[in-house]
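This briefing goes through one protein chain, from its overall form to single residues. Please keep the sequence and the structure in view while reading.

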Amino acid sequence: VQFTAEEETARDAEEQAWADAALDRALADMRAKRNRLLAETDFYALSDVTLSSDMTDYRQALRDLPSGLDTVEKVNNKAYPTKP
């Protein structure tokens, strides 16, 4: 079944909107993973636990994500910090 010109224009607009939102989707995925990794180490930050400098640096590096990432390629190629 062929699209009418109006349907084709609408479909092209949908595809363009999807492509334009690629960076937002990639950043949201990165933030979700970052938040999970931070949650896994939250108990280290409790007042009755001594937080090592390595863990402090790791958690700070996670919190710094995704600053400075302005393309989908940069987001996809960004390595997460290694948990000490």
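Among contacts in the protein chain between residues at least 6 apart in sequence, what percentage join residues at least 24 apart? The figure is 60%. The model is a predicted one, and the values below were computed from it.

**Overall form**

- The protein chain has 4 helices and 0 strands, and its pattern along the sequence reads α-α-α-α.
- With a radius of gyration of 20 Å, well over the 12 Å that the globule rule gives for 84 residues, the protein chain is more spread out than a compact globule.
- Along the principal axes, the C-alpha atoms of the protein chain occupy a box of roughly 65 × 20 × 15 Å.
- Of the 84 residues in the protein chain, 18% are buried.

**Helix H2**

- H2 contains 19 residues and spans 27 Å from its first C-alpha to its last, close to the 27 Å expected at 1.5 Å a residue.
- The buried residues in H2 are Ala26, Leu27, Met30, Arg34, Leu37 and Leu38.
- Viewed down the axis of H2, these buried residues lie within an arc of 105 degrees, so they line one face of the helix.
- An α-helix has 3.6 residues a turn, so residues three or four places apart point the same way.
- Asp24, Asp29 and Arg36 are exposed residues on the face of H2 turned away from its buried side.
- The cover over the buried residues of H2 includes H3 and helix H4 (72–77).

**Nonpolar core**

- In soluble globular proteins, nonpolar side chains tend to be buried together.
- Here the largest nonpolar core has 11 residues, namely Ala26, Leu27, Met30, Leu37, Leu38, Met55, Tyr58, Leu62, Leu65, Leu69 and Val75.
- At least two residues of this core come from each of helix H2 (22–40) and helix H3 (53–64).
- H2 gives the most to this core, with 5 residues.
- Leucine 69, one of the core residues, touches Leu27, Met30, Lys74, Val75 and Lys78, when residues up to four places away in sequence are not counted.

**Leucine 37**

- Leucine 37 belongs to helix H2.
- Its relative accessible area is 16%, and the cut-off for buried is under 20%, so leucine 37 counts as buried.
- Apart from neighbours within four places in sequence, leucine 37 is in contact with Tyr58, Leu62 and Tyr80.
- Leucine 37 and arginine 59 are 22 residues apart along the chain, and their C-alpha atoms are separated by 8.6 Å.

**Loop residues**

- Threonine 41 sits in the loop between H2 and H3.
- Is threonine 41 buried or exposed? Threonine 41 counts as buried because its relative accessibility is 0%.
- With neighbours within four places in sequence left aside, the contacts of threonine 41 are Met55, Tyr58, Arg59 and Lys83.
- Proline 66 is located in the loop between H3 and H4.
- The peptide bond from leucine 65 to proline 66 is cis, and its omega is near 0 degrees.
- Most peptide bonds are trans.

Key. Residues numbered from 1 in each chain as written. Predicted model: local features only at pLDDT ≥ 70, side-chain atom pairs only at ≥ 80, totals over all residues. Heavy atoms only, no water. Core = buried A, V, L, I, M, F, W, Y, C linked by side-chain atoms within 4.5 Å. Buried < 20%, exposed > 50% of the residue type's maximum accessible area, 1.4 Å probe, protein only. Contact = heavy atoms within 4.5 Å. Expected span 1.5 Å × (residues − 1). Arc of directions from axis to C-beta. Rg over C-alpha atoms; globule rule 2.2 N^0.38 Å.
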